Amino acid sequence: MRGLAGQAAIVTGGASGIGRAICLRLGEEGCKVGIFDLNGAGAEATAEAIRKAGGTASAHTVDITDHEAVLRAVAAFEKSAGPTGILVNNAGWDQIVNFVDSDTALWDKVIAINLRGPLNLHHAVLPGMKERRKGKVVNIASDAARVGSSGEAVYSACKGGIVAFTKTMAREMARSGVNLNVVCPGPTDTPLFAATAGAGEAGAKIAEGLKRAIPFKRLGTPEDIPGAVAFLASDDAAFITGQVLSVSGGLT
């Protein structure tokens with residue numbers, strides 16, 4: 001992809017799953033990758049994998065729900081890598097439960113990670129992009145934002161919020177030359193999916209039901225997502241902003 005080499009790129013939730021795959025791809029493209037994750041050991045493992053492949057990466061242990069911690073982590077990354085040119089908000093978390101059976105503690109956690117966390121990253125990174133009149137933001141939402149998902153009401157609301165926020169910020173930032181877009185994965189075989197669907201027979205039943213519903217007859221894999229992210233973060237997508245791209249095997 002054109003324009004990625006040498007860019008300083010922050011990816012949240014890069015310790016595993018889709019985030020790790022995105023980090024590896026951006027590393028291959030020549031980006032200087034900053035892996036932001038609460039799992040510091042996992043983030044360092046991703047960074048080491050990028051470095052072993054000849055790329056440049058650093059790991060940053062950070063709680064994205066903490067605004068001050070995010071500001072410090074962004075400053076530390078930019079001190080070594082230079083101004084952030086690419087931001088990928090990938091970190092997410094959920095627990096499947098019918099809304100009427102849920103409690104406010106669960107709501108607060110889901111909202112803090114899936115909505116407030118990305119807002120914190122935007123707030124830390126967008127001013128610099130605006131000043132430099134250049135930057136790319138790719139927010140990882142979910143097709144739950146587009147069509148809903150049983151047992152994921154608050155998560156779906158957060159991801160729908162990310163879609164609306166991205167479209168709004170794309171308008172606000174357009175005159176500053178900053179592009180913001182959304183990638184919506186469908187059901188993807190990640191550690192989060194396994195934890196959310198549940199273990200044993202119940203989890204397997206959910207997975208098999210989804211496979212039957214997906215036209216390609218399989219769950220997505222983390223490696224299915226990074227190509228779309230790399231494209232939207234590249235100069236090849238310079239005239240694309242405020243858009244939502246589903247990567248779901250045709251499910252939606």
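The stops below cover a helix, a pocket, a cavity and a salt bridge.

This is a predicted model, in which local features need pLDDT of at least 70 and side-chain atom pairs count only at pLDDT 80 or more, while totals for chains, interfaces and linings use all residues. Residues are numbered from 1 along each chain as its sequence is written, and side-chain values use heavy atoms, with hydrogens and water left out.

**Stop 1: helix H4**

Select residues 104-132, which form helix H4; helices (H or I, at least four residues) and strands (E, at least two) are DSSP runs, numbered from the N terminus. H4 has 29 residues and spans 41 Å from its first C-alpha to its last, close to the 42 Å expected at 1.5 Å a residue; that expectation is 1.5 Å times one less than the number of residues. Centre the view on Ala112, where H4 has a kink of about 40°, the bend being the angle between axes fitted to the seven residues ending there and the seven starting there. At the start of H4, a side-chain oxygen of Asp103 comes to within 3.2 Å of the backbone nitrogen of Ala105. Just after H4, Arg133 adopts a positive phi of about 60°.

**Stop 2: the second largest pocket**

Next, select the lining of the second largest pocket, including Leu119, His123, Phe165 and Met169. A pocket is an open set of points on a 1 Å grid over the protein atoms alone, with protein on both sides within 12 Å along at least five of seven lines; a cavity is a set where a 1.4 Å probe fits but cannot get out, and lining residues have an atom within 4 Å of a point. The pocket holds about 210 Å³ of space, a volume being the space filled by probe spheres set on the points, joined across faces, edges and corners. H4 gives the most to this lining, with 7 residues.

**Stop 3: the largest cavity**

The whole structure has 1 cavity of 30 Å³ or more. The largest cavity has a volume of about 80 Å³. Select Gln95, Val97, Leu106, Ala153 and Val154, the closest to its centre of the 13 lining residues.

**Stop 4: a salt bridge**

Finally, select Asp236 and Arg2, whose side chains meet in a salt bridge (2.7 Å, N to O). Asp236 lies in the loop between helix H9 and strand E7 and Arg2 in the segment before strand E1, so the pair ties together parts 234 residues apart in sequence. A salt bridge is a side-chain nitrogen of Lys or Arg within 4 Å of a carboxyl oxygen of Asp or Glu.

Definitions and conventions. Polar contact = N/O pair within 3.5 Å; in protein donor to acceptor, adjacent residues only side chain to side chain.
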